[in-house]
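User: I am new to this structure and would like a close look at one part of it. Please describe where the two chains meet and what lies around that place.

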There are 2 protein chains.
Amino acid sequence: MQDLLFDFISKYVSLTEDEKNIIISLNTFRTIKKGTILLNEGQNSNESYFVLKGCIRTYYIIDGVEKTTAFYTEMEVLTPHCVISKAPSEYYISCIEDSIIIISNPEMEVEVFNKFPKFESLCRILSEELLAKQQIDFDKFKTSSPEQRYLNLLQSRPDLIQRVPQHQLASFLGIKPESLSRLKARIIEKNKV
Amino acid sequence: MQDLLFDFISKYVSLTEDEKNIIISLNTFRTIKKGTILLNEGQNSNESYFVLKGCIRTYYIIDGVEKTTAFYTEMEVLTPHCVISKAPSEYYISCIEDSIIIISNPEMEVEVFNKFPKFESLCRILSEELLAKQQIDFDKFKTSSPEQRYLNLLQSRPDLIQRVPQHQLASFLGIKPESLSRLKARIIEKNKV
DNA sequence: ATAACTCGTTGACTTAAGTTAAGAAATGAA
DNA sequence: TTCATTTCTTAACTTAAGTCAACGAGTTAT
């Protein structure tokens, strides 16, 4: 299992066996059952999540309705806003498949950064990459219609459409579940003619 | 002018006079005229922009139409996606007010990081903050109607509505300029009754 | 096995955004 | 100033998303 992590890290920096052992000794690998809520609205947490296997999602409850805004799957990291802002969380995080997650916190990170400054470089580079990537995603969202967003998702993350309930996908695409249903029917209809 | 920068940095780390002098000696402060294009589509660039004063925007040209997706004003940083991906840029960056901008590049950064590791911490923390903040913005965008987005912007960045042309604001809000016009008229109508 | 729920789809209707076109208002240049 | 261009608004019409309700399929719990 750890190999997945080290393969990922090796794309950015090379680690010695000693360094790898330090990581393993932190003992932060967790198996989480589907349905587990990792973070509640209003909660103060300092945990970050690195998904090794499985899928977690962030969602809000607005006027009693769940609004899913993001999914994190294999090799994706989520540091909740509340960890940065040190304010109560505005959203929930739940595990939507049985998953293996690395759970870390800022104190641990600082400790590792002090021992191996290389890790801070890694985290800086990862953050900068994610930020730029997310900006592109946001741009694409803004400049696309719901239908284009769906077709785009079909290309870029086809797995998500399989593994995630439609009503969660709908709010992820910024629309209502009924609209997603109709939009899909519309696409099929177009392709027939 | 530099004081603006150092005041900003001091929120995150404290700098000695020596360190400040190093920054100044890099001589990266630039005054940019309104209308200047800082980055063209298809261009490979390695420049990052820190806006000390003024405003820059990113925009795409899609089917011959400009789509503005982001604005950066005082104390905001933009590292274009192409700097990270090392691929040609998909968007343009232009300066929409006479501005003072700090222009840096990865080589300069590495040099500074080596002299003062503290700066890499600063950049990591800034990136992580920006990432979490941007995620919240994206979430809010997804879960709001165009009208709510406009009202939200009125609260959170009222200056933008003043300093930016409406048709650029419209695509920033993910709609057409005509829709923004009608939406504003609708809001005024509501408040009358 | 049955009841209760969740989930996805469909239909009828409402509302608002997209489209196209025209014109008014503001801005900039000659 | 005057002309041209850009920006913003309005109108008429089309398209699609939102809303509300109903239904069937699948799941879970009792």
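Analyst: Between chain A and chain B the count is two salt bridges. This is a predicted model, and every value below is computed from it.

One salt bridge joins Glu120(A) to Arg124(B), with 2.6 Å between the closest N and O atoms. Over all chains, the salt bridges come to 26 by this rule. The pair of Glu120(A) and Arg124(B) runs between chains, from helix 5 of chain A to helix 5 of chain B. In general, side chains of opposite charge can pair when their charged atoms come close.

The rest of the interface can be described in the same way. In all, 33 residues of chain A are in contact with 33 residues of chain B. The area buried between chain A and chain B is about 3300 Å², and 62% of it lies on carbon and sulfur atoms. Twelve residue pairs, with both residues at pLDDT 80 or more, are in polar contact between chain A and chain B.

Which elements of chain A supply at least two residues each to the side that touches chain B? They are strand 4 (56-62), strand 5 (65-72), helix 3 (81-85), helix 5 (117-142) and helix 8 (166-172). Helix 5 of chain A gives the largest share of that side, 19 residues. By class, the side of chain A that touches chain B holds 15 nonpolar, nine polar and nine charged residues.

Helix 5 of chain A also packs within its own chain. Its partner there is helix 4 (residues 106-115) of chain A; the two axes are 4 Å apart and the angle is about 120 degrees. Helix 4 and helix 5 of chain A are therefore oblique to each other. On helix 4 of chain A the contact is made by Val112(A), Phe113(A), Asn114(A) and Lys115(A), and on helix 5 of chain A by Pro117(A), Phe119(A), Glu120(A) and Cys123(A). The contact of helix 4 with helix 5 of chain A has five nonpolar, one polar and two charged residues.

In chain B, the axes of helix 4 (residues 106-115) and helix 5 (residues 117-142) come within 4 Å and cross at roughly 120 degrees. That angle makes helix 4 of chain B oblique to helix 5 of chain B. Val112(B), Phe113(B), Asn114(B) and Lys115(B) of helix 4 make the contact with Pro117(B), Phe119(B), Glu120(B) and Cys123(B) of helix 5. The classes in this chain B contact are five nonpolar, one polar and two charged residues.

Definitions and conventions: Residues are numbered from 1 along each chain as its sequence is written. Chains are lettered from A and ligands numbered from 1 in the order in which they are written. This is a predicted model: local features need pLDDT of at least 70, side-chain atom pairs count only at pLDDT 80 or more; totals for chains, interfaces and linings use all residues. Side-chain values use heavy atoms; hydrogens and water are left out. Contact means heavy atoms within 4.5 Å. Buried area is the accessible area (1.4 Å probe) that two parts lose on being put together, summed over both. A salt bridge is a side-chain nitrogen of Lys or Arg within 4 Å of a carboxyl oxygen of Asp or Glu. A polar contact is a pair of N or O atoms within 3.5 Å; within protein, one must be able to donate a hydrogen and the other to accept it, and residues adjacent in sequence count only if both atoms are side-chain atoms. Ala, Val, Leu, Ile, Met, Phe, Trp, Tyr, Cys and Pro count as nonpolar, Asp, Glu, Lys and Arg as charged, and the others, Gly among them, as polar. Axes are lines fitted to C-alpha atoms, for helices over the stretch in contact, and angles run from 0 to 180 degrees between N-to-C directions. Angles under 35 degrees count as roughly parallel, over 145 as roughly antiparallel, 65 to 115 as roughly perpendicular and the rest as oblique.
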